[in-house]
Structures are given as C-alpha cells and as structure tokens.
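Hi,

Here is the structure I promised to pass on. Have a look at it first, and then read my notes below.

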Amino acid sequence: MMKNMPEVKLGVIAVSRDCFVISLSERRRSAVVEACRKEQGIDVFEAKTTVENETDMLKAVDEVKAAGCNALMVFLGNFGPETPETLIAKNFKGPVMYAAAAEEGDLIQGRGDAYCGMLNCSYNLGLRNLRAVIPEYPVGTAADVARMVADFIPTARAIIGISSLKIITFGPRPQDFFSCNAPIKGLYDMGIEIEENSELDLLVSYRKHEGDDRINGIVEDMARELGADGNHYPDLLPRMAQFELTLLDWMNDHKGACEYVAFANKCWPAFPTEFGFEPCYVNSRLASRGIPVACEVDIYGALSEYIGACVTQDAVTLLDINNSVPEDLFEQDIKGKYDYTIRDTFMGFHCGNTPFCKLSEGAVKYQLIQNRLLEDGGEPDVTRGTLEGDIAPGEITFFRIHSNADTRMQAYIAQGEVLPVATRSFGGIGIFAIPQMGRFYRHVLIEKHYPHHGAVAFGHVGKTLYTVMNYLGVEDIAFNHPAGMLYKTENPF
C-alpha cells in the first residue's frame, strides 16, 4: 500500500472579468465539476466564491484552504481578471493549474473570450514569476477540462510530495561511483530536506533492533511474498526483517518537519560483511510501498524514484543502464519479432532492488560479484539478500532528474518497454527497448554527463513527468528524438 505520498484534494475556483456576465463563468464551472465527478471519477471541491477582484480572490483562497484543498484549478469561465486570477496562485501556495472555457454557441450574450484571457493570464503569471501548470491546449469544453484535471492530479501529487520530502542517506558514495555524486543545492532550492548519516549510525540502530518482537511478523510476511520457489534462504529472513524495521523506525523518528521520506543508502562493499547480508530485498519491499531506497547513495536517484512513485502510485525501481544485448541473443529472440534494432536495446540491471511484483519470477539469491570479492566465490553467506529475476515485460518510462556540476538542474525522459525475452543473466534485470536508444545514449546520456543510474516507472508516464520537471523549473528536459530529428551535438553526416 502506497502510504508515503500525499492524497490530492482538488479545489476549483472560477474567475470572471467584471465586464462579462458572472453567471456564465459560474455555470461553466459547475459543468466542469460535474464532468470531473461523472466522467473522471474525481471528487472536486467547488468554491462558491467567483473571483472578480482581489477581495474575492482572498475570500476564494480562504474557502478552498478551509475545505482542506492542497491543489487547485483556476478556471477562466470567461476572459477573467488578470491580476486577481494570478494572485490566487501566489496566495494558495500549492500546485495550481489554469484552464479556460471553450465557446458554446451563443456568441452574442454567451461569448466568454477565455481563449484571449488565457494569454493575459500567462503573461501575468510570468510578470509575478509564479509557477503554474498550463495544459498543452488549455481551452475546452467541460469534458475536455475534466480530462485536463485527471492529467493534473498525478502532477499535483508529485509536486506536493516533493515540497515536504526528506531524503535520508547512509554512508558516502562507494569509491569509483562518484558519478552519483552531484551537488545538492538544487534539492534545497526545491524545498527538499537532506539528512546525511554514517553507515555506523545505521549499524548501531540495526543492532539495537536485535530481538525486536516485531521481527517474526515481518519474516512471515516476507515468506508469504516470496513463496516456496522464491524463499531460497529462510534462515536469512530474520536478519533482513530486523533491517526493515531499522529503516522504517528511522524514517518515522527522523521525518522531523517533513511528511515523506526517501532513502539513498550505501550497500557495498562494507555493508554485507558488517550487517551479514545484502540489503537489496529489503530495499525492494520498501520501494513497493512508495518508500524508495536508492542504491549507492544516489540522492538524485532517490528523488527520481519518489517522483515516479507519486506519478504512478505504483512500485518503481532504479537500474543501471548496464550492458548491451549480445548479437546472438538479439538475432535469435528479438530481430524480426519486435520493431527494434540492436541499438534500440540494452539491459537494465541492479543487484536485486526491483520489487517482487515487477519481476516475472523472483527469488532471494546472492550477489555474484560481491561473492567473488568478499567470499572468494565460495558458499555464499553475507552476500545473500538480493532479489533476482527477469523484470516483467510491459511499458516503461526511463527517466532521471539530476544536477550538473554547476548546480544547473537537468532531466531526461524516454518511453519504451521491457521485452518478453529471457535475459540469461543474474540480478534484477530486463531487456529494455527504447526507440532510437543508440542516439539518445550518445547525445543525451553521454553528452550531458548523466550517471549510469536511471529510474523506471512501469507505464508510459512521460507526459506527466515532463509537466512535473517543467513545474520544478528544470530547463533542460531531454527525450529520445525520433529518426530525422537531430540532437544539437549530432553529426548530420
């Protein structure tokens, strides 16, 4: 159950230019609210104060706040008053969307000119340096606007969540993984809090949870989730359950002034020898509940995952953009069956943090690479704890928000799919296909110095992610260009 994210309660405020008939805006507002309820299943609070001036604006904002609204649509039922309607966003504080009414037939007494008013609304938002969501085509019928509202809800959920998010970290980034080390000033600029801790802090807390009477209940839950086929090491479950309790208690005890939490934790090389297991399976379980735990202290990876969880209200994962697909595998299982070239494909991998519900078949195993380093390739003990299996096929969106070395924020978003093709490999892994991935890899991921970690949302949610990134003020939002659309750095010859 996703508990670590806000529930959006949306209010609607209609605005009206005082030289237009106010009842036109009010009637259209009520039609939008009805369409939201009947056609989209969205319960919307309808403010009865229609805003014509600044006094109305204050009254309307107080009305939606008193109703518990944390997101808002400002509806231009006619041309609208430029100053009061934009001051709504300034005084409300939470995420605000602006939309306008299309004309309905009577172009004498019933014409509203909201098509024109939206231009001045946008201009005034810019003058006041106010952020707001304006849909791609923000003018429509009641049914059209209700669809805009449906698109806005996940955007609002992410924005509200980010505004009260704390990212808790344990340990410095591992040596030779500095690519996940990005300046965190941009996070503070977004209102995100950061709490950085030592691995020793985590170890001390873990040891204090030894013998906790809640451990057996978590062990039973783990066994139910894994089933007989996935529970290869029953003796390991109490250790991992103790760690799960440690993280959950730390989260609850350290939220402070924030409401929501994501983690970015160090997981190797010292972790398995000191804790006695790999943390991957526990990390996967928290991610399935909307509490991302990014690998290798990847703070921006944790933020990316949290945004994806808010947008989808579903489990997410963080993967290495890891390895190419072997040519013989491509020839045998992909070529001619799917409309991709070999350069459109790659394997996304991590040791075992992808939630069980997103694997075709999952099982707790051991980390092969760490077993070589820490246990000389022998019988695994402390390197056990990964959740391994091929990632389930289906639509995905690969994305990341990140900071450059000069603290400028950037992001990428690329939609694609996980192919129903066996990987023949280890870890939590899948064969990903993204149109024109080869060019995207070179001219976005490499050219713009992105690290190897990308967040994965299970579904095509690029439209919403783009809106969120844009709202956050990310100026450079890259995507996989279709064939014929050159990147700025792409050689045209």
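**What I found**

The largest pocket has a lining of 23 residues, and A132, V133, I134, T467 and N470 lie nearest its centre. Before going on, some ground rules: this is a predicted model, where local features need pLDDT of at least 70 and side-chain atom pairs count only at pLDDT 80 or more, while totals for chains, interfaces and linings use all residues. Residues are numbered from 1 along each chain as its sequence is written, and side-chain values use heavy atoms, with hydrogens and water left out.

What counts as a pocket? On a 1 Å grid over the protein atoms alone, a pocket is an open set of points where a 1.4 Å probe fits, with protein on both sides within 12 Å along at least five of seven lines; lining residues have an atom within 4 Å of a point. Grid points are joined across faces, edges and corners, and a volume is the space filled by probe spheres set on the points.

Back to the largest pocket: its volume is about 630 Å³. Which helix gives the largest share of the lining? That is α16, with six residues. The helices α4 (114-127), α5 (142-163) and α16 (462-471) each supply at least two residues. (Helices are DSSP runs of H or I with at least four residues, strands are runs of E with at least two, and both are numbered from the N terminus.) Sorted by class, this lining has twelve nonpolar, six polar and five charged residues. Here Ala, Val, Leu, Ile, Met, Phe, Trp, Tyr, Cys and Pro count as nonpolar, Asp, Glu, Lys and Arg as charged, and the others, Gly among them, as polar.

The second largest pocket comes in at about 400 Å³. It is lined by 19 residues, with K93, G94, P95, I159 and Y471 the closest to its centre. Two or more lining residues come from each of α3 (82-92) and α5, and α5 gives the most, with four. The classes here are eleven nonpolar, three polar and five charged.

Now for the domains, whose bounds come from an automatic or database domain assignment. There is domain 1 (10-155) and domain 2 (164-479). Each of them puts at least three residues into the lining of the largest pocket. Both also give residues to the lining of the second largest pocket, so that pocket lies between them.

How far apart are the C-alpha centres of domain 1 and domain 2? They are 39 Å apart. Nine residues of domain 1 are in contact (heavy atoms within 4.5 Å) with nine residues of domain 2. The area buried between the domains is about 730 Å², with carbon and sulfur atoms giving 58% of it. Buried area is the accessible area (1.4 Å probe) that two parts lose on being put together, summed over both. On the domain 1 side, R131, P154 and T155 lose the most, together 62% of what that side buries.

The count of salt bridges between the two domains is one. A salt bridge is a side-chain nitrogen of Lys or Arg within 4 Å of a carboxyl oxygen of Asp or Glu. K463 and D151 form a salt bridge at 3.0 Å, N to O. The whole structure holds 32 salt bridges. Among them is R27 with E104, at 3.1 Å from N to O. R27 sits in helix α1 (residues 22-40) and E104 in the loop between β4 (96-101) and α4, 77 residues apart.

Two backbone details to finish. Most residues other than glycine have a negative phi, and most peptide bonds are trans. W268 and P269 are joined by a cis peptide bond, with omega about -5 degrees, and P269 is in the loop between β8 (260-265) and α10 (270-275). E296, which is not a glycine, has a positive phi near 55 degrees; look for E296 in the loop between β9 (293-295) and α12 (299-312).

Cheers
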